[in-house]
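These are my notes from going through one structure on screen. I wrote them down in the order in which I looked things up.

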Amino acid sequence: MIVVLSKSISSHDKEMIRIYLKDRGFSLREQSFGDEAIFGASGKGVVDLRELGLLPGVERVAATSKPYELASRETKSEDTIVTVGASASQTGVKIGGSRITVIAGPCAVESREQIMETAAQVRESGAVMLRGGAYKPRTSPYAFQGLGLQGLEFMKAAGEANGMPIVTEVVSPELAVQMKDLTDMFQIGARNMQNFELLKKVGSLGKPVLLKRGPSSTIEEWLMAAEYLLASGTQDVVLCERGIRTFETYTRNTLDISAIPVVKGLSHLPVIVDPSHAVGIRAKVSPAALAAIAAGADGLTVEVHPRPDEALSDGPQSLYPEQFERLMRDIEALAPVVGKELLRTPKPQHAATVTVTAKSASQTANGEGPIAYCGESGAYAEQALMRAFGEEARRLQTASFPGIFDAVLDGSAAFGVVPVENSLAGSVHENYDLFLRYPDVAIVGELKLRIVHCLIGDEKANLDSITIVRSHPQGFAQCKEFLDKHPGWILEPTTTTATAVASIAREGAIKVAAIAGEAAARAHGLKVLRDGIETNPLNYTRFVIIARRVGDKEEPALRQGRVPPSLGSGKPNKASLVFSVSDEPGSLFACLKILSEKGINLSKLESRPIQGQPWEYLFYVDVSIPDTETVFDSTIAELKNKTRDFHFLGAYRAML
Ligand code: PEP
Ligand code: MN
């Protein structure tokens, strides 16, 4: 049983709860869990849960139906996000939530040169953490056993040189203590999953742990092993499916893909997959890795070796660096389909910029002000915001889109998140117009979010009880086929999709439903009556991140170090412009010719009527920024000469 204590509990009330439970035969363990303090109570005691729930300082009581309690989703419904390698100077790497985190490296550390070379290669391809064994639990005592402590030192150096936290296997409780300061995350290997003394020791050290599933263990045994770690003191456990033993002999193990959604339902802990040990054959690793991501894995750990044929262990399953590069590109393309984003380490040559941006981003995001978005909790814009700034970013909700611009301008928000384009419904003209009305606001980043609409209603509602449906007009348009099947429903437009959900939560009517994202249903405690009702599954909304302009109108905030690293680092490579041209033959052609001659790619060109000026048009233009900045600067200067009303909306990093 778990007793969640209220955040403001007094020490007196805490003591009274302790005495109450002890008197009734429970032994207690106090732990902090996320930002909550809890008592884990075990034993044969008997207690009236309602009476316990009424004691001062008790937030709620969870009597779980599972043998694992701390690991159970019944105890904690939100996803746990584990941060690895955070320190005073590093923000650390997150695992869990809406991101895909990829760990890569060799099976074993073989030499300083080998781990350095591999680290640089996998980082270049976008891996954010480095793996490698210094203590190898090999099936044969005559096989390479690893370099031990020296290997770990090489690994630490390689991780530091490339800005990647490291994860390495620990094989005994004694070694765990020695390794504590040399690794960012402990790995419990498959063979040791039920080494309970090891679990207790490693858990007590409080560091993040990657817990591999035993080759012959059930999901429940695996979660009980996680429970050992959590009950011993660490809060940061990541589960890793690495294949189980079956009758199949064509692969080294059998990747239990179904375990991913099952475990994600049972537990709040992140689940990653090791396709390398699961299949054991190089050519099969990438397909298995992509399947794992499609099934909902929060990340991967992949074996990569610069020369797999020379590897001292697991060469046949280690990817060549170029195969890993290809896999990362495929994951990046797949990620939006499952509503996630691939975490990427910025390129090493920009390391200096990264440090500056990381620092200023946390200052800006946490110190200077919240991030503004329009709508209610659970809005698509809020999901985009969390992708860009992290789940814990402070938020400011505005009632309208101009409200976001006002908040950014008057400094009550550090950044704003604004939808500008949907892949099916086109540009959000209202918001493009705002850029013209607010010239002191600039685009500093972009983000694309897959939109999956649900029909959301009260707990007691069902499709037959519904007579009214509320949503943003775009929500109706994108779910037309579904709505056409229910011609009797009255459609009521709202400012945003999440506003519609909030109105149902307030009114509690069973005849009204909303079209919005699942997150909005969760945020307002409502039920998803139908999932995935959008007509076309290739439905993406592009959001831009806005900030107040500082300095020169065309000086990108990215270069000024005012952009969070999640929006990209290095030089800006995309710019958004709006202009009109004179009403004479060839005037638009003249502009496009300038771009063409400079070799500048055009990724968007859209015209729309200028209000109040019949038959005159504004052009929305997105262009790539070439590597040579002077070429771009002179292009902009030439364009200004050829256009009438020229607005430089901002320069930023393009997202896939
Ligand atoms: C490893 O990751 O190198 C390893 C030995 O994996 P497992 O414990 O899953 O076999
Ligand atoms: Mn291995």
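**Salt bridges**

I started with the charged pairs. This is a predicted model, and I find 40 salt bridges in it.

I looked at Lys14 first. Its partner is Glu30, with 2.8 Å between the closest N and O atoms. Lys14 sits in helix α1 (residues 11-23) and Glu30 in strand β2 (residues 27-33). The two are 16 residues apart, and the pair links distant parts of the chain. Glu30 is partly exposed, at 36% relative accessible area.

Next came Arg213 and Glu241. They form a salt bridge, with the closest N and O atoms 2.9 Å apart. I placed Arg213 in the loop between β11 (209-212) and α7 (219-232), and Glu241 in strand β12 (residues 237-241), so this pair ties together parts 28 residues apart in sequence. Are these two residues buried or exposed? Both Arg213 and Glu241 are buried.

Then I checked Arg387. It forms a salt bridge with Glu341, and the closest N and O atoms lie 3.3 Å apart. Arg387 belongs to helix α13 (residues 380-389) and Glu341 to strand β15 (residues 341-342), 46 residues apart. Arg387 has 15% relative accessibility, so I count it as buried; the cut-off is under 20%.

I also traced a network. Salt bridges with shared partners join Glu421, Glu446, Arg542, Lys574, Lys604, Glu606 and Asp622.

**A five-stranded sheet**

I moved on to one open sheet of five strands. I read its order as β23-β22-β24-β21-β25, and the pairing is mixed.

I took a closer look at the β21 and β25 pair. Strand β21 (residues 454-457) and β25 run antiparallel, joined by four bridges. I noted one bridge by residue: Leu455 has Arg530 in β25 as its partner.

What lies across this part of the sheet? Helix α18 (residues 497-507) lies across β21, β22 (468-471) and β24 (512-516). I noted its direction as about 150° to β24.

**The loop between β14 and α11**

I stopped at two residues here. Ser318 is in the loop between β14 (299-303) and α11 (321-334). At 1% relative accessibility it counts as buried. Which residues does Ser318 touch, not counting those up to four places away in sequence? I list Arg282, Glu303, Val304, His305 and Pro308.

Asp314 lies in the loop between β14 and α11 too. Its phi is positive, about 55°, although Asp314 is not a glycine. I flagged that because most residues other than glycine have a negative phi. Asp314 counts as buried, at 17% relative accessibility.

**Two exposed loop residues**

Trp615 also has a positive phi without being a glycine, near 65°. I found it in the loop between β28 (602-609) and β29 (617-624). Trp615 is exposed, at 72% relative accessible area.

Ala399 sits in the loop between β17 (395-398) and α14 (401-409). It is exposed, with a relative accessible area of 70%. Leaving aside neighbours within four places in sequence, I see it in contact with Cys374 and Thr495.

**The whole chain**

I finished with totals. I count 21 helices and 30 strands in the chain. The C-alpha atoms fill a box of roughly 80 × 65 × 50 Å along the principal axes. How does the radius of gyration compare with that of a compact globule? For 656 residues such a globule would have one near 26 Å; the chain has 27 Å, which agrees.

Buried residues make up 54% of the 656. Of the contacts with a separation of 6 or more, 71% join residues 24 or more positions apart. The chain exposes about 27,700 Å², and carbon and sulfur atoms supply 52% of that area.

Conventions
Residues are numbered from 1 along each chain as its sequence is written. Chains are lettered from A and ligands numbered from 1 in the order in which they are written. This is a predicted model: local features need pLDDT of at least 70, side-chain atom pairs count only at pLDDT 80 or more; totals for chains, interfaces and linings use all residues. Side-chain values use heavy atoms; hydrogens and water are left out. Two strands pair if DSSP finds at least two bridges between them. Contact means heavy atoms within 4.5 Å. Axes are lines fitted to C-alpha atoms, for helices over the stretch in contact, and angles run from 0 to 180 degrees between N-to-C directions. A salt bridge is a side-chain nitrogen of Lys or Arg within 4 Å of a carboxyl oxygen of Asp or Glu. Buried means under 20% relative accessible area, exposed over 50%, partly exposed in between (1.4 Å probe, protein chains only). The radius of gyration is taken over C-alpha atoms; the globule rule is 2.2 Å times the number of residues to the power 0.38. Accessible areas come from the Shrake-Rupley method with a 1.4 Å probe; for residues, only the protein chains shown count as cover.
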